[in-house]
Amino acid sequence: MKKIKRTLALVLALTFVVSALVGCGGGNNAGSNGGSGDGGSDSYEGKTINVLLEDVSDCTYILELLPQFEEATGIDVNVEAISYSTMHEKVAAQMVSSTNSYDVIIVDYYWTGEFADAGWMYPLDEFIAADGVDTSVYLEPIMAQNGVTDGVTYQLPYYNYAMCMLYNTEIWADPDLNAAYEAKYGKKLSVHDITVAEYVQECEFISNYYGKDTLAGLVQQGGRGDPIVMEWLNWFFGNGGDWYDANGKSALNSKAAVDAITLYKYALENASPTGAISFNLDDAQMMMVDGKAASMINYNWQLATLNNMENSATAGKFALAAAPGGSANVGSWGWAIPHNAKDPELAWQFIKWVESFEIAKERALKGGAPTRTDVFTDEEVLEKYPYYADVVDILNSGIGMPQFKDSNGMIEKLTTALSEIAAGEKDAQAALDEVAAFMDNM
Amino acid sequence: VKLQRRKDFVTFMLPSLIVLILVLAVPLCYDLIVSFFDKSLKHAGFGNFIGLQNYIEDLQNDNFTGSIATTWKFTIGVVCLEFIFGLIIALALNSIRLGKNLMFTIIIIPMMITPVAVGLTWRLMLHPQLGIINYLLSFIGIPNISWLADPKFALGTVMFVDIWQNIPYMVLVLMAGLVTLPKEPYEAAAIDGASKIQSFFRLTVPMMMPTFSVVLLLRSIMSFKTYDLIYVMTRGGPGTATEVISYTIYNQAYRYLNTGVAASMSIYLVLMIVPIAIFFLWMSRNREN
């Protein structure tokens, strides 16, 4: 009896060890398949990843293409698309827990420094090398802010949000309006090669001509938070400003910065619709679509959205020009894997797919904002969106975000200061001096 | 008998005490400890011990001191107005018989909507260009008003929305108090020739004092912590016109990632609320005695 028991126990133990070894083998196999990039659907069948995205048009295009990925890999993808305003807190809260709910996140260009400093992103270099992914196809300014940090590749660029002027061509070409402007200033209205001051002058004229609450020359997004900073940076760079001066000190309190916010405030009061100091991206977009504003400084990808808006009387009337002053704020998003992601290998499969040339091109053809040069120069893409050639120029001539460790906090400090100045609570120079001191202390 | 009492005390009180300690005392103590460190959300651990530095720097922070003032203005304004209007509505509802339930159901609808939905809906209605409020006002010749964009109006507008949403809460609690009042004193007062106003001030108010204390205390605490409405409607702007203390704490915790600073600011918030709670509880007990 004892012998039988001992034999049974031995058989059971052996079975357990063998099955465990088989299980390990299966896991490794799946991993190696994925890593080499030829992972068949069998390896990932039944697995799920969670992806956090911002609820914008580029997200819609990915959702439309997602079945291709799921069919090819067998991986189910849960996409959580949320508004920008809640993204940072959501991501930050997940980063400090032992495991992350998200396998793939997107990182705004001014979060990069903070995320890298906190060690919140999983290095992608090994995946890139194993799969032979060519990162040189990305535009250099974008790769610098949403790609490599301190020599480590933490992100692959997702979409660009280089800012530019979006304008209603019908209004700017209005002969009566142009004649009136010419009678006063001796020249016609123009959106090309103009300074920030000239742009404000033109917009103020249009607002006075029609009545600023009927048709404003421009609509600003002066709401406290991200909008006012993103927009004001164009006015600052267009005025010749930059983040740092020649001595490596913050230039956010320079003359160019003070002049820019002074002009910005003047435009809010005299050229923008009433209440624009509280507007955000959606408000500005609605005003353009409703034909209540002739122009806005906004993200280039908005052009496709505005021109393709269903049931809009203004659809198809919008065009894009470089931001006044010629130097725009060049923003971008990047794909990253959280440091505490459950299965980075699986997450990489998604990033590799979504950033492949074919998918990046399909996204661009739907109206997405590319980051790859080969997509920007693709004939089919250029034929559909000829203005992408201008977007490349804007991207190359614009100014991005230097990577510093508390970048998100600095932007919060800047947005509060700009909002206080715009609301008349603080003197421009004094408020910007505080921001510059904060930036220098970081 | 004494031993049995002790056993009963342990049996019945200990579970409640443990729950209370876990739910209330532990987070509060943790917050207090964190407030003495330069803890950041970016890094694991508490960081360096810096004593009272966070507390001192909070008081030197214009945004924080400004937000304390705004929070007081907001709380006093909304609680007083909600109480006055809530009491008027509760008294009116208490005196009618026909359609009382229907009226009551309609009145409590705003309370059932989440503050985020309320904020978004009102934000659209108050939109200076596309909102229905300005559209309706235009018929009587009033030009576009920047309800949320003008520093003069912004705080008042947010307060109005808060009042709109929370009056039902006042009505609900005050109604519950009014229906429990005995009828005999009112009948005696009527026989003695007391007017309705005299009955209200001499009978209703004294008898309702414990209810008043509780409702004022609870609404004051809720108002001090208001966050979602501000976040959705103004994000503290324009400038810092509507920045309340909870929003400043949120910014420190999730934008600047300064957990230590956010913790010390939270302690200031607790210190602001505790005296109010003591005052109302004292008022309630004093009246009962």
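How many residues apart are Tyr247(B) and Tyr250(B) in helix α12 of chain B? They are three residues apart in this helix (residues 245–255), so about one helical turn separates them. Helices are DSSP runs of H or I with at least four residues, numbered from the N terminus.

The model is predicted: local features need pLDDT of at least 70, side-chain atom pairs count only at pLDDT 80 or more, and totals for chains, interfaces and linings use all residues. Residues are numbered from 1 along each chain as its sequence is written, chains are lettered from A and ligands numbered from 1 in the order in which they are written, and side-chain values use heavy atoms, without hydrogens and water.

Over all chains there are 57 aromatic pairs. Rings of Phe, Tyr and Trp (its six-membered ring) pair if their centres lie within 6.5 Å; planes under 30 degrees apart are stacked, over 60 edge-to-face and the rest tilted. Two tilted pairs are tabulated here.

| Pair | Centre to centre | Angle between planes |
|---|---|---|
| Trp147(B) and Phe153(B) | 6.0 Å | 55° |
| Tyr247(B) and Tyr250(B) | 5.8 Å | 35° |

Phe153(B) is partly exposed, at 35% relative accessible area. In chain A, one aromatic cluster includes Phe69(A), Tyr109(A) and Trp353(A).

Zero disulfides occur over all chains, a disulfide being a pair of cysteine sulfur atoms within 2.5 Å. Cys59(A) is buried at 1% relative accessible area, whereas Cys80(B) is partly exposed at 42%.

Note on methods:
Buried means under 20% relative accessible area, exposed over 50%, partly exposed in between (1.4 Å probe, protein chains only). Helices (H or I, at least four residues) and strands (E, at least two) are DSSP runs, numbered from the N terminus.
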